[in-house]
Amino acid sequence: MTQPVTDLLEHARRLEGAGQDEPAKAAYIELLKIDPCHFAALNELGTLALSTGHRSAAQTAYGRAVQCHPDNPIGRVNLGNVLFENGDFAAAREQYQAAVASKGDLAEAHQGLARTLEQMGDAGAAEPHWRLGFAGHAIVKQRYRGPGRAIPALLLVSIKPGNIPTRQILDNRTFETAAIYAEFYDPAEALPAHAVVFNGIGDADLCQRGLERAQALLSRTCAPVVNVPERVRVTGRAENALRLGLLPDVVAPSIRRLTRAALSGATGLTFPLLLRAPGFHTGQHFVRVETQEQLAAAADGLPGEEVLAIEYLDARGADGMARKYRVMMIDGALYPLHLAVSADWKVHYFTANMAVNAHHRAEEARFLADMAGVLGPRAMHALSRIVKALGLDYAGIDFALRHDGAVLLFECNANMAIVPPDTNPIWDYRRPAISRVIEAAKHMIVARAAANGAGADANRGAVP
């Protein structure tokens with residue numbers, strides 16, 4: 001490595017470590033002008049881009065690193081991670097498999113391969129990679145990059161893909177976070193220093209074992225806990241629908257969790273019917289079945305031995321479009337996050353074509369600016385009852401409005417993502433509302449840590 005390249009790399013690293021992201025990016029790019037295939041520069045530029053929300057730029061940098069250094073498993077894993085986040089599971093699997101072939105004991109490669117195989121519906125193939133990836137590697141410390149003293153935080157997560165996305169909340173300029181994969185945590189190992197605990201395990205249908213282990217782990221700390229695992233454990237789709245559907249002005253679907261064998265002989269099902277594999281989100285493994293005759297074929301296309309048979313709630317308005325509102329509940333308060341309007345029954349923001357319809361964006365803007373005025377008192381009271389019933393510090397509610405103002409409940413749990421929009425100016429109206437939610441969540445965690453004397457004692461909160 002030539003001296004100019006060495007100096008530029010060290011300079012870029014110093015800037016990045018000090019949180020000066022843009023000058024650091026510029027330094028990495030300057031280095032790459034000299035050596036376009038410099039692995040460390042490409043890899044670290046990708047990591048910096050990813051940490052600042054520029055996923056496409058990260059994929060480009062990691063892709064170049066793999067192209068130039070195909071035998072380096074670290075580049076493969078990092079590219080696989082971005083592909084996984086993008087939902088391109090087949091491409092992610094290819095990268096993880098190449099990394100394992102290159103370095104068979106690389107834990108991160110097995111971790112990524114296990115997650116990917118699970119998401120692709122092959123739990124059996126994923127099983128050995130869970131063990132190879134996480135046994136002995138249950139604690140992952142994330143580097144702090146902020147000014148002054150960090151707030152030490154403990155993040156509890158599951159090996160399963162049912163965790164709350166926390167990159168925006170537990171940011172590395174406020175918190176020094178240590179993540180613990182609950183299923184593989186060894187009780188003989190000391191807990192990292194922490195002033196607050198955030199339970200990031202959000203999917204009760206998929207992560208029961210992780211939630212049980214997380215609850216047991218909490219007996220070793222006296223630090224305040226955000227989203228106590230015991231409360232999350234009872235927020236499965238079927239359980240939530242049953243108990244929340246009893247609340248005034250909350251219309252929840254009938255949901256039955258059935259084995260494949262039981263589904264074929266089930267009685268009392270009404271059509272159209274929604275079938276989904278438990279533990280999957282963003283519309284994956286989720287289908288609409290029009291008739292009894294189509295039921296078996298639809299179930300055959302879903303992974304796992306169990307399915308959720310969900311009553312279809314018609315969320316279409318007078319214009320024939322379906323609407324899905326998302327409201328976040330943070331520390332007992334309600335915050336509007338988004339409104340998706342779609343011609344399809346399966347409504348997700350990323351597939352609703354909001355970018356091409358100015359009228360729908362204007363409708364969403366009204367909701368974000370005046371949630372209570374748009375939803376009306378009946379729905380607002382219903383949402384407040386849901387907040388009280390769940391008792392969670394952080395969660396989200398997906399719902400529509402019935403013609404009379406009651407809430408049609410789709411989903412309500414902790415495993416809700418806050419996804420900032422891209423840089424396109426058409427989304428400027430969304431940014432203040434999303435920032436308010438992120439800041440509310442961060443403020444809650446900071447306040448809990450402050451009540452515990454954050455940073456005053458490196459071992460604060462730990463119980464021997």
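Me: Before we look at this predicted model, what makes two strands count as a pair here?

Reply: Two strands pair if DSSP finds at least two bridges between them. Strand β2 (residues 151–157) and β3 are joined by seven bridges and run parallel, so they pass the cut-off of at least two.

Me: Which residue in β3 is the bridge partner of leucine 155?

Reply: That's alanine 179. Alanine 179 in β3 is also the bridge partner of valine 140.

Me: Why are strand β1 and β3 called a pair, and in which sense do they run?

Reply: β1 (residues 139–141) and β3 have three bridges between them, in the antiparallel sense. The cut-off is at least two, so β1 and β3 pair.

Me: What makes β3 "mostly covered"?

Reply: Strand β3 covers residues 175–181, and six of its seven residues are buried. Buried means under 20% relative accessible area, so those six each fall below that value.

Me: On to β8. How do you know that β8 pairs with β9 and with β10?

Reply: Count the bridges: four join β8 to β9 (residues 286–289), and four join β8 to β10 (residues 306–311). Both meet the at-least-two rule, so both are pairs. β8 runs antiparallel to β9 and antiparallel to β10. Arginine 276 has phenylalanine 286 as its bridge partner in β9, while leucine 275 stands opposite alanine 309 in β10.

Me: Why do Leu273 and Leu275 point one way from β8, and Leu274 and Arg276 the other?

Reply: Because side chains in a regular strand alternate between the two faces of the sheet. In β8 (residues 273–276), Leu273, Leu274, Leu275 and Arg276 are all buried.

How values were computed:
Residues are numbered from 1 along each chain as its sequence is written. This is a predicted model: local features need pLDDT of at least 70, side-chain atom pairs count only at pLDDT 80 or more; totals for chains, interfaces and linings use all residues. Side-chain values use heavy atoms; hydrogens and water are left out. Buried means under 20% relative accessible area, exposed over 50%, partly exposed in between (1.4 Å probe, protein chains only).
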